Amino acid sequence: MKQGKSLVTFVILALAAAIALYLGAYVFRALDEPYQTTQVYAYTVNDSVTAEGLVVREALVLSAPAGILEVTRAEGEKVGLGQQIALVYRDSQAQANQAVISELQMEIELLEEAIAQSGDLESAARLDEDILQAVVDLRASYTQGDYTQLQSQVLSVKSSVLKRGYTYGDSLTSTDLATRLSQLKAELAALNRQSAQAVTQVTALKAGVFSNLVDGYESVLTPDSVLQLTPSSLQELILNPVGEDSSAMGKLLTSNQWYFAANLPNAAAERLEEGGSATLRFSGELNRDVEMTVEKIGPAEGELTLVVFSSNRYLTSATTLRDQTAELIFESFSGLRVPKEALRLVETVQTDETTGQETTTHKLGVYALVNGRVELHELSIVYEGADYYVVRPIGTGSSLLRTGDTILIQGTGLQDGMLLEG
């Protein structure tokens, strides 16, 4: 037992000694190294403030009717006045019949086109291109996560393949196609008679953009009421969500104008002007910078001021947005990021050969390491951070500081053109 404890103690001491040696060697090398370098990289910093608030839209809530409901519109899809939004089935058999009716309608349309085709090689090649393009469109939408046209794109692929098969399939004569068309029309007529009283369409009472999400805010937040909010009432709505409306099947966003109401620090709100523009960076599903109009500033409560922004762009991408934290960007500064300790004010004295008069100039810049030599690259400061500057290079050609260049952040006796010994 004692021998085991002694072995463990020895191993611990050996590891501690190894770590101490490693740290000692590292410190020695750091102290012995007369120069320290780093790389320059492109950098953008924003003069901005975080804005938490709620997105508001003009919405018409759609009540869900009794029966088996099938919504036929995708999230963010535009719907015209009187166009179908959903189908309501009396029972499961009516729903099954409707699926068959849709398939028959598509086949009948394709057969009629196939019968009208000339059947030449050019037409066959065109159909092959249609199939390929339909598949490419479907894959592109899937890759981008855009499912607003999913149903129509799937049908496009299927119809293109069927059309190719009917038009150029093996052993299919014009008589065969005509017979098949008559059979399909008879089947369709019979099913339509059966489903006449079993299926009801839900159509749009207004034109708009469809959304599945009904979160309850629709009744308390409107384009009119949002302008009456105070910082405390907005915060109350954020902290206490209304809750989803289970009796609704969706809603129509009936205006292109949408609003974002947010509580801002008073100092930030004072930098805005009613009727002016502002840039807000949204994350999540919208994930973009949006130029918005400052619709209203105020009222203020304590250290916060309520500000309402508006926009008429990207509505179809913002249908599910509600509680949002956006970045209000006042100004952006782009350039090269360099540590503060790398920046130097270099004094140079030039003598006029004719008059002998000396002129002293000062250049602000950094020393870069180029092929073992020190080169001074002149800069102008764009923005000052806590421990860095965002700078822009001054000069042309090889004297211009660029992304990826190595600069010296520590060293003594540095001069432009001097050779550093390795």
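Predicted model: local features only at pLDDT ≥ 70, side-chain atom pairs only at ≥ 80, totals over all residues.

Trainee: Okay, is tyrosine 41 buried, exposed or partly exposed?

Mentor: Tyrosine 41 has a relative accessible area of 38%, so it counts as partly exposed. Tyrosine 43 gets the label partly exposed as well, at 24%.

Trainee: And how do I describe two aromatic rings together?

Mentor: You give the distance of the centres and the angle of the planes. There are 5 aromatic pairs in this structure. One of them joins tyrosine 41 and tyrosine 43: the centres are 6.3 Å apart, the planes make 80 degrees, and the pair is edge-to-face.

Trainee: Now strands. How do they hold on to each other?

Mentor: Strands of a sheet pair through backbone hydrogen bonds, either parallel or antiparallel. Here, S12 and strand S16 (residues 388-393) run antiparallel and are joined by 4 bridges. Within that pairing, valine 338 has tyrosine 389 as its bridge partner in S16.

Trainee: How many bridges are there between S15 and S16?

Mentor: S15 (residues 373-384) and S16 pair over 5 bridges, in the antiparallel sense. Isoleucine 381 is partnered with valine 391 in S16, and the two strands make a hairpin with 3 residues between them.

Trainee: What is the order of the strands in the open sheet?

Mentor: The order is S3-S5-S6, with antiparallel pairing. Strand S3 (68-71) and strand S6 (199-203) are the edge strands, each pairing on one side only. From one strand to the next, the twist averages 25 degrees.

Trainee: Last one: where is arginine 322?

Mentor: Arginine 322 is in the loop between strand S11 (304-311) and strand S12 (323-339). Its relative accessible area is 7%, so arginine 322 is buried. The residues arginine 322 touches include Val55, Asp215 and Glu218. A polar atom of its side chain lies 2.7 Å from the backbone oxygen of valine 55.

Key:
Residues numbered from 1 in each chain as written. Heavy atoms only, no water. Buried < 20%, exposed > 50% of the residue type's maximum accessible area, 1.4 Å probe, protein only. Contact = heavy atoms within 4.5 Å. Polar contact = N/O pair within 3.5 Å; in protein donor to acceptor, adjacent residues only side chain to side chain. Pairing = 2+ DSSP bridges. Axes fitted to C-alpha atoms, helices over the stretch in contact; angles between N-to-C directions. Phe/Tyr/Trp six-rings, centres within 6.5 Å; stacked < 30°, edge-to-face > 60°. Lists of a residue's contacts leave out its neighbours within four places in sequence.
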